[in-house]
Amino acid sequence: MMSIKAIDLDYTYGPGTAFEHHVLKHVNFEIQDGEFVGLIGHTGSGKSTLIQHLNGLIKADSGDILYHGTSIYSEGYKLRELRGRVGLVFQYPEHQLFEADVFSDVCFGPKNLGCSEEETKKRARHALSLVGMDESFYGRSPFELSGGQKRRVAIAGVLAMRPEMMILDEPTAGLDPRGRDEILNQIERLNRQHGLTILLVSHSMEDVARYVDRIMVMNHGEKVFDGPPKEVFLHYRELESMGLAAPQITYVVQGLRERGIPIDDSITTVEEARDAILSLLCTSKPHRD
Amino acid sequence: MIRDITIGQYYPVDSVIHRLDPRTKLFGTMIFIISLFFANSLLCYLAATVFMGAAVKLSKVPFRFIVRGLKAIVLLLLISIGFNLFLTDGEELFRIGFLRVTREGAALAFFMGMRLMYLVVGSSIMTLCTTPNQLTDGLEKSLGVLKRIGVPVHEISMMMSIALRFIPILVEETDKIMKAQMARGADFESGNLIQKAKNMIPLLVPLFVSAFRRATDLAMAMEARCYRGGEGRTKMKPLRYAPRDWTAYGICVCYLAGVIALSRL
């Protein structure tokens, strides 16, 4: 079942002014239900603009977006409802917190969608549990929390709307390694266990290689690659010319290959490399009695 | 989408006027405005027109930018012209229904209208040719003499510069926050006045928090670079008058003298 389909999206920022910038050039892609897709690209490649098109915050100059088969630009289409089904978490989402306490802030989303008081509270509780925040946090002011905690509250705020699809723009920006792992594992759980379709925008090739089913690469407003991580990272030289890279481990593996070691060149994660290297060491070690 | 708005309407181009010291432009504009209040005859306005026309030509700013400022005062212009035209006593010229138009009224309306338009165009030239930061620098230097009586001229000027600097940043932040809340279903458009005001809270609270956070960070960054206020502080690009500024001052003074003389005729 096809969740979202972008057809020939084109968008220019500030037409006719000194700031004119052709941000999206004929972008086409499809995301199926339940997929975990990664979106990478150099700064200014159009990633942020693209994701804001997907929930109707920005309207494309030309082209179409179909959500579950219906064009979101069709007459009378309720964009508010779309935003309840396609949740968008911006970069540094903690900047959107405003309520006096955590629980009220998380209730903001479902309330806007018109949920009853009871339903709102139920959803808020559920969302907070999904991000690992227990009741002790409910009454606290969001401004008292740590950066990582604030971020989890912000994400809960979007989850509380019970979206079918979540778009996250660099959810790990500015977090320490443990915070990053926690958030990414949570996102993975949402996808694998709860079936949420995920679009993850990231600058970390390692994160993208480890978690996603498919990567889309943006370069100067155009989509240039679209495929599984192993396939996309084989083009690491081209990625480099676009200001990106392959995961660090891929370079280690390439280095080993250049020295004549027959290791699989499509390795993109440290675990795969470890297994491959260990198995090579075992087969090449002379047998001892 | 909220764009990057720059205050005033600075038009970036290289011209004699752009290169003048901001103080020259400030005082020049003041002199021009004073001259308009002395002008009481067509001859005076002719002089003013020549002066202003020369300034416009020298500024190399396209005409359509210069008249943009007039759009804002169209209503004011119409009201003042209307009042003067129809409500002044004197020698009647003609009637439209119950509205009397007198010679004095026509004259007053004409001069009032001209004065307003020239005031706006004159100040526009100044803001079109001077960046906001140049203006605050110019003000700081000119008002420097007030430091002796305890007015914190430098601090006020620094506050103005920082505020101007942060306008585009805060505009961008507002846009981001608005979009983030809209992504959670917020509605900033519908509802009556009270509804709309309430709906602004998810926008204003994060914006204020963000502004305070930036202010704190900026203060720390400035202190970390040894900023201690205006005490003994020097500038990297101090304002220094050039020969062209003295020429400009000379022209302005002659112009003012000319207009005053013409007004006595």
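What share of the contacts in chain A with a separation of 6 or more comes from residues 24 or more positions apart? The share is 63%. The legends below describe views of a predicted model.

View 1. Chain A has eleven helices and ten strands. Its C-alpha trace spans about 75 × 50 × 40 Å along the principal axes. Of its 289 residues, 42% count as buried. Among contacts with a separation of 6 or more, 63% join residues 24 or more positions apart.

**View 2. The largest nonpolar core and the surroundings of A:Val89.** This core has 81 residues. The members that touch the most other members are A:Val89, A:Val106, A:Ala156, A:Met166, A:Ile167 and A:Leu200. Helix α5(A) gives the largest share of the core, six residues. Another core, of 23 residues, lies apart from it and includes B:Ala48, B:Met52, B:Val61 and B:Met126. With neighbours within four places in sequence left aside, A:Val89 is in contact with A:Ala154, A:Ile155 and A:Val158, and also with A:Met166, A:Ile167, A:Leu168, A:Asp169 and A:Pro171. In soluble globular proteins, nonpolar side chains tend to be buried together.

**View 3. The side of chain A that touches chain B.** Here 23 residues of chain A are in contact with 18 residues of chain B. On the chain A side, the elements that give two or more residues are α2 (79-85), α3 (102-112) and α5 (147-159). By class, this side has twelve nonpolar, nine polar and two charged residues.

**View 4. B:Lys179 and its contacts in chain A.** B:Lys179 is placed in helix α9 (residues 153-182) of chain B. Not counting residues up to four places away in sequence, B:Lys179 touches A:Gln52 and A:Leu57. B:Lys179 counts as partly exposed because 18 C-beta neighbours lie inside 10 Å, between the limits of 12 or fewer for exposed and 20 or more for buried. B:Leu204 is 25 residues away along the chain, and the C-alpha atoms of B:Lys179 and B:Leu204 are separated by 13 Å.

**View 5. Packing of α3(B) against α12(B).** The axes of helix α3 (residues 42-59) and helix α12 (residues 243-264) of chain B come within 8 Å and cross at roughly 165 degrees. An angle over 145 degrees counts as roughly antiparallel, so α3(B) and α12(B) are roughly antiparallel to each other. Their crossing is right-handed. From α3(B), B:Leu43, B:Cys44, B:Ala47, B:Ala48 and B:Phe51 meet B:Tyr255, B:Gly258, B:Val259, B:Leu262 and B:Ser263 of α12(B). This contact has eight nonpolar, two polar and no charged residues.

**View 6. Packing of α2(B) against α12(B).** The axes of helix α2 (residues 22-38) of chain B and α12(B) come within 9 Å and cross at roughly 5 degrees. The crossing angle makes α2(B) roughly parallel to α12(B). The residues of α2(B) that take part are B:Thr24, B:Gly28, B:Ile31, B:Ile34, B:Ser35 and B:Phe38. Among the α12(B) residues they meet are B:Asp245, B:Ala248, B:Tyr249 and B:Cys252. By class, the contact has ten nonpolar, four polar and one charged residues.

**View 7. B:Asp14 in the segment before α1 (16-19) of chain B.** B:Asp14 is exposed, with 7 other C-beta atoms within 10 Å. The C-alpha atoms of B:Asp14 and B:Leu203 are separated by 40 Å, at 189 residues apart along the chain.

Conventions:
Residues numbered from 1 in each chain as written. Chains lettered and ligands numbered in written order. Predicted model: local features only at pLDDT ≥ 70, side-chain atom pairs only at ≥ 80, totals over all residues. Contact = placed C-beta atoms within 7 Å. Helix = DSSP H or I, 4+ residues; strand = E, 2+ residues; numbered from the N terminus. Nonpolar A, V, L, I, M, F, W, Y, C, P; charged D, E, K, R; others polar. Core = buried A, V, L, I, M, F, W, Y, C linked by C-beta atoms within 7 Å. Axes fitted to C-alpha atoms, helices over the stretch in contact; angles between N-to-C directions. Parallel < 35°, antiparallel > 145°, perpendicular 65-115°, else oblique. Left-handed = near helix turned anticlockwise from the far one by under 90°.
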